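Please look at the sequence and the structure shown here, and then follow the report below, which takes up a few of the features one by one.

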Amino acid sequence: MGVAKWILTGLGWATGGPIGALLGYFIGRTIEGIGQSQGRLGDGSYRMDNGVPRGSSHSRFHNTGTQDDIDVALLVLIAAVMKADGNVRREELDYVKQFLRKNYTEEKGKALLGMLRDLVKPETYIDVDAVCQQIKENTDYNTRYHMMDFLFALAVADNSYFPEENTVIRVIAGRLGINSRDYVSMFTRHVNSRFNSGGTSGSGHSGGSYGGSRSYGSTGSTRKDPYKVLGLSSSATDEEVKKAYRRLAMKYHPDKVEGMGEEVKKNAEAQFREINEAYEQIKTARGMK
């Protein structure tokens, strides 16, 4: 099976709509030999069926909703965040490349990386609203929550958080239907805790008016405030600490992310460890039982 063809195997809902169109663009650039198929036009372009080059042996799909769907959908959102400020940063690309190497076979990793390189090009238009709508219609809230969490982790991978990234992430969160409480919790753990900055506020507006738009830069410190990891202030009561821990532990427990994309699962595992470490730090400092 050649490079990129693995993406076609088992794909369901992601092959239709805007994600399918982007996937078809990628496939048309990477699968060699398809020019000899009956789908080749005289000008060198391809006819497309549901975003896939006609004539391909994989041009028909069933609505299976597989893990591959989630991986591809998340990759499209990753590209939207990476190109938000018009400058694809090396640290963010390295973050994704390192993740792909650790969690996929060499062939799959190369295929996903090839797709990402096409998606982040300036000429590749990503309709964020339409893509998010397709994801929302085909996934549950828990899956979308963890997709959002991974995007936050990506945005701060270069140890900064720019207004343009914040704007795109706010839009994605709103279109995916992420509630403001969960958004602020993620923002606090990924952005505030990393940069030791002040709190943020979130409105209940369903369109995605969450948090502020300031720029955050490196502080030179990698130690995170355990209270901010739990989305709390140091004045929180013991009961509030326990409640926040239970809520987050439930969201990031390995059992809650089974069947999701590998990016989502690995990020959730890392967050689960961080949440537990923060809780243990607070318990020890307070002498909590």
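In this predicted model, Lys 243 and Met 250 are exposed on one side of helix 11, whereas Val 241, Ala 244, Tyr 245, Leu 248, Ala 249, Lys 251 and Tyr 252 of helix 11 are buried. An α-helix has 3.6 residues a turn, so residues three or four places apart point the same way. Helix 11 itself runs over residues 238-252, and its 15 residues reach 21 Å from the first C-alpha to the last, close to the 21 Å expected at 1.5 Å a residue.

Elsewhere, Gln 134 lies in helix 6, which spans residues 128-138, and Gln 134 is buried, with a relative accessible area of 8%. A polar atom of the Gln 134 side chain lies 2.9 Å from the backbone oxygen of Trp 13. Leaving aside neighbours within four places in sequence, the residues in contact with Gln 134 are Trp 13, Ala 14, Gly 16, Gly 17, Pro 18 and Ile 19.

The largest pocket holds about 500 Å³ of space. Of the 19 residues that line the largest pocket, Tyr 95, Ala 153, Asn 267, Ala 270 and Gln 271 are the closest to its centre. The helices in the table each supply at least two residues of this lining, and helix 12 gives the most, with 7 residues.

| Helix | Residues |
|---|---|
| Helix 4 | 90-103 |
| Helix 7 | 141-155 |
| Helix 9 | 180-195 |
| Helix 12 | 262-286 |

Note on methods:
Residues numbered from 1 in each chain as written. Predicted model: local features only at pLDDT ≥ 70, side-chain atom pairs only at ≥ 80, totals over all residues. Heavy atoms only, no water. Helix = DSSP H or I, 4+ residues; strand = E, 2+ residues; numbered from the N terminus. Expected span 1.5 Å × (residues − 1). Buried < 20%, exposed > 50% of the residue type's maximum accessible area, 1.4 Å probe, protein only. Polar contact = N/O pair within 3.5 Å; in protein donor to acceptor, adjacent residues only side chain to side chain. Contact = heavy atoms within 4.5 Å. 1 Å grid on protein atoms, 1.4 Å probe; cavity = no way out; pocket = protein on both sides within 12 Å on 5 of 7 lines; lining within 4 Å. Points joined across faces, edges and corners; volume = space filled by probe spheres on them.
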